[in-house]
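User: I have a few questions about how terms are applied here. Can you take them in turn?

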Amino acid sequence: MTEEQSGPGPLDALTDVSGIRVGHARVPGEGALSGTTVVLAPEGGAVAAVDVRGGGPGTRETDALDPRNLVQRIDAVVLTGGSAYGLDAASGVMAWLEEQGRGVRVGPGQSQVVPVVPAACVFDLGRGGDWRARPDASTGRAAVEAAAASEPGARVPEGTVGAGTGAVAGQIKGGVGTASVRLPSGTTVAALAVVNAAGSVVDPRTGVLYGEYGTGEPPVHPAPPVHEAARRRLAEIRSARADRAECESAPGDGAHGARGNGVLNTTIAVVATDATLTRAQAQKLAGTAHDGLARAVRPVHLLTDGDTVFALSTGRLPLPPEPVAELNDILAAGADALTRAVVKAARAARGVEGPGGTFPSYSELYGAS
């Protein structure tokens, strides 16, 4: 965090941006380990943009967010598990918005709208054991209804929830994390991340979460015996996973091995502010927020990642007549908030062990260090 920033908002969450609501839903049933998270904009929508940097993205309606194109505001963003299959969750959100009369007006009647619902997915197929247990339109509807039912400024559940239910970060359990920054100007910038990275969030030399190096405070290093025990456990899990993949894969069949090694991943996020941004400025915010992701995940933006960041502006606070300095503060705050959101996701996650694999959480390995 830079010296100009005054610290987190009251909830240290995306919902510190007034009007933004968040809802989670989980895929039901045995063998399911996936879900959907919906970020619901205030009535009237929000200016939106996106920046995609991963080499294997799974997205929907991202072209609509190009500043050169028609759509000016959107009402919701969907973050979902289930890989490309899970993008169907956006259909449920779209149907709910249509019922509310929210969307791009295409006719004289209030119900004649087409909701534009950008979405991005993470790869978590088979993490619970059932390859076909993934989000669909009903999961998306459940998540947006949960968002709509939440109180303004509600706390956001973190960890193994929503789109982070089956998320994995390197060798440890990933999940959902959120953080915010309140600037001296009164502007709030916040982020919500679904951390499902092919890279690692943990420094293998020390056990410190990479993102903690950039928070402005010295990270707390785990005791050497704790770190060594964590390294041994992860090595055992890695060996067991490799043995299992070898047994399950037929000669010449790489599908099970790829799934077992967890090489198909993605970190997706929403960064929001109550400052009034143009669509081009929002796109810049989405782009610089990736800097925060790069501080917290190493390596990042790989071919097997689909790293995608959406940016939202609710437009409640005007920028000053000469906005460059204020814009720079907002851009820096977006990156800082996303870094801390990744750290909080790793700390809040709960480990899982089942037919889809064993993924311990950071807190299981390192305690409260």
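Analyst: Start with contact: heavy atoms within 4.5 Å. This is a predicted model; local features need pLDDT of at least 70, side-chain atom pairs count only at pLDDT 80 or more, and totals for chains, interfaces and linings use all residues. Residues are numbered from 1 along each chain as its sequence is written, and side-chain values use heavy atoms, with hydrogens and water left out.

User: Which residues is His290 in contact with, leaving aside neighbours within four places in sequence?

Analyst: Asp51, Val52, Arg53, His301, Asp307, Thr308 and Val309.

User: What makes the stretch around His290 a helix?

Analyst: Helices (H or I, at least four residues) and strands (E, at least two) are DSSP runs, numbered from the N terminus. His290 lies in helix 5, residues 279-296.

User: How do you know that strand 3 and strand 14 pair?

Analyst: Pairing requires that DSSP finds at least two bridges between two strands. Strand 3 and strand 14 (residues 308-317) have six bridges, in the antiparallel sense. Asp51 has Val309 in strand 14 as its bridge partner.

User: What does helix 5 touch on the sheet?

Analyst: Helix 5 touches strand 3, strand 13 (268-275) and strand 14. Its direction makes about 40 degrees with that of strand 3. Axes are lines fitted to C-alpha atoms, for helices over the stretch in contact; angles run from 0 to 180 degrees between N-to-C directions.

User: What is the strand order in the open sheet?

Analyst: The order is 3-14-13-12-11, with mixed pairing. Strand 3 (47-52) and strand 11 (175-182) are the edge strands, each pairing on one side only.
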